[in-house]
Every structure is written in structure tokens, then in C-alpha cells.
Amino acid sequence: MSERAPRPEPDSAPAHGSGADPDVPRYEPPPGVGKLLAWILLFVVAAVVVVLGGVYFV
């Protein structure tokens, strides 16, 4: 069998056309308003379920 040599790594990662310094950390964009409202609604519904469950079992 023939063994394949591993591919050499590139010297530096491409900046994806941004022209930014590769040492500068990149941050993901903030969540949209709809996603934020969905999380808030999820926590409100969870809180209501916990309160109603506590009232029901007392």
C-alpha cells in the first residue's frame, strides 16, 4: 500500500476578504430582535409553568 503524506498547512489563515489583521478576535453579530423575544417568551412560559405547578401541587 502507498502511504499518503499529510497536506502542508498554509502559513497564515485567509482573512476572508476583510483585510483585517488575523490576530484581531472576531465576534459573532448580536442576535436579532425576534430571537431575543423568543428567548424571553421561553423564560416567561417556563416561569408560569413553574408557578402554576407549585400552586397545583400545594
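Is Phe57 buried or exposed? I shall open with that residue and then turn to the chain as a whole. Please bear in mind throughout that we are looking at a predicted model.

Phe57 is exposed, since its relative accessible area is 69% and the cut-off for that class is over 50%. Tyr56 also counts as exposed, at 66% relative accessibility.

These two residues bring me to the aromatic rings. In the pair formed by Tyr56 and Phe57, the ring centres are 5.1 Å apart and the planes meet at 80°, so the arrangement is edge-to-face. The angle settles the matter, because edge-to-face requires planes over 60 degrees apart.

Let me now turn to the secondary structure. The chain contains 1 helix and 0 strands. The helix, H1, covers residues 33-56 and has 24 residues. From the first C-alpha of H1 to the last, the distance is 34 Å, close to the 34 Å expected at 1.5 Å a residue.

How many buried residues does H1 have among its 24 residues? The count is 0, and H1 is accordingly described as hardly covered. For the chain, with its 58 residues, the buried share is likewise given as 0%.

Finally, the surface. The chain has an accessible surface of about 6,200 Å², and carbon and sulfur atoms account for 68% of that area. Val33, Leu36, Leu37, Ile40, Val44, Val48 and Leu52 together make a nonpolar surface patch of about 660 Å². One of these patch residues is Val48, which is found in helix H1. Val48 counts as partly exposed, with 43% relative accessibility.

Terms used. Residues are numbered from 1 along each chain as its sequence is written. This is a predicted model: local features need pLDDT of at least 70, side-chain atom pairs count only at pLDDT 80 or more; totals for chains, interfaces and linings use all residues. Side-chain values use heavy atoms; hydrogens and water are left out. Rings of Phe, Tyr and Trp (its six-membered ring) pair if their centres lie within 6.5 Å; planes under 30 degrees apart count as stacked, over 60 as edge-to-face and the rest as tilted. Buried means under 20% relative accessible area, exposed over 50%, partly exposed in between (1.4 Å probe, protein chains only). Helices (H or I, at least four residues) and strands (E, at least two) are DSSP runs, numbered from the N terminus. The expected span of a helix is 1.5 Å times one less than its number of residues. Accessible areas come from the Shrake-Rupley method with a 1.4 Å probe; for residues, only the protein chains shown count as cover. Patches are made of residues with over 30% relative accessible area and no salt bridge: like charges are joined within 9 Å, nonpolar side chains (Val, Leu, Ile, Met, Phe, Trp, Tyr) within 5 Å. A salt bridge is a side-chain nitrogen of Lys or Arg within 4 Å of a carboxyl oxygen of Asp or Glu.
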